[in-house]
Amino acid sequence: LESWTRTPKWYTVQHDIVLLRLALQCTLDEQQYIKELNGERRNAYVAVLCTDSSMFKFYDPYTAFHEFSAWCQRWENVHHRLRYLTHCLTATLSKCTPSIVELR
């Protein structure tokens with residue numbers, strides 16, 4: 001589990017949100033992630049991923065976006081992180097009372 005929780009210094013919770021969005025939209029096709037990140041919504045992704053200027057005092061402000069694009073090209077990165085996020089979501093949802101199943 002530790003290898004799934006390690007993230008680069010530039011990685012933030014915003015990257016997890018974008019990654020989950022890409023996973024829902026493009027399933028597990030990393031090439032589609034890259035196309036989506038660099039497509040017509042590119043400026044929106046840049047704005048979301050490059051908002052915390054204090055974290056990037058030693059970096060180009062676009063580093064978080066460019067590094068994330070490169071990071072997404074490796075299926076191992078994407079799959080491990082999505083497994084970890086799915087684990088967190090499942091653990092959190094299983095603690096909710098009443099459960100989703102009970103509400104249904």
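Start by selecting glutamine 32. With a relative accessible area of 31%, glutamine 32 falls between the 20% and 50% cut-offs, so it counts as partly exposed. Keep in mind that this is a predicted model. Glutamine 32 sits in helix 3, which covers residues 30-37.

Along the sequence, cysteine 72 and glutamine 32 are 40 residues apart, and in space their C-alpha atoms are 9.9 Å apart.

Next, show helix 3 together with helix 5 (residues 63-72). Their axes lie 9 Å apart and the two helices pack at an angle of about 160 degrees. That is over 145 degrees, so helix 3 is roughly antiparallel to helix 5. The crossing of these two helices is left-handed.

Which residues of helix 3 and helix 5 meet? On the helix 3 side, pick Glu30, Tyr33, Ile34 and Leu37; on the helix 5 side, pick Phe65, Phe68, Ser69 and Cys72. Color this contact by type and you get six nonpolar residues, one polar and one charged.

Time to look inside. The largest nonpolar core has 21 residues, and the ones touching the most other members are Leu19, Tyr33, Leu37, Phe68 and Cys72. Helices 2 (13-26), 3, 4 (42-49), 5 and 6 (75-94) each give two or more residues to this core, and helix 2 gives the most, with five. In soluble globular proteins, nonpolar side chains tend to be buried together.

Last stop: select phenylalanine 68. Leaving out residues up to four places away in sequence, phenylalanine 68 touches Trp10, Tyr11, His15, Val18, Leu19, Leu22, Leu37, Leu49 and Thr63.

Technical notes
Residues numbered from 1 in each chain as written. Predicted model: local features only at pLDDT ≥ 70, side-chain atom pairs only at ≥ 80, totals over all residues. Heavy atoms only, no water. Helix = DSSP H or I, 4+ residues; strand = E, 2+ residues; numbered from the N terminus. Buried < 20%, exposed > 50% of the residue type's maximum accessible area, 1.4 Å probe, protein only. Axes fitted to C-alpha atoms, helices over the stretch in contact; angles between N-to-C directions. Parallel < 35°, antiparallel > 145°, perpendicular 65-115°, else oblique. Left-handed = near helix turned anticlockwise from the far one by under 90°. Contact = heavy atoms within 4.5 Å. Nonpolar A, V, L, I, M, F, W, Y, C, P; charged D, E, K, R; others polar. Core = buried A, V, L, I, M, F, W, Y, C linked by side-chain atoms within 4.5 Å.
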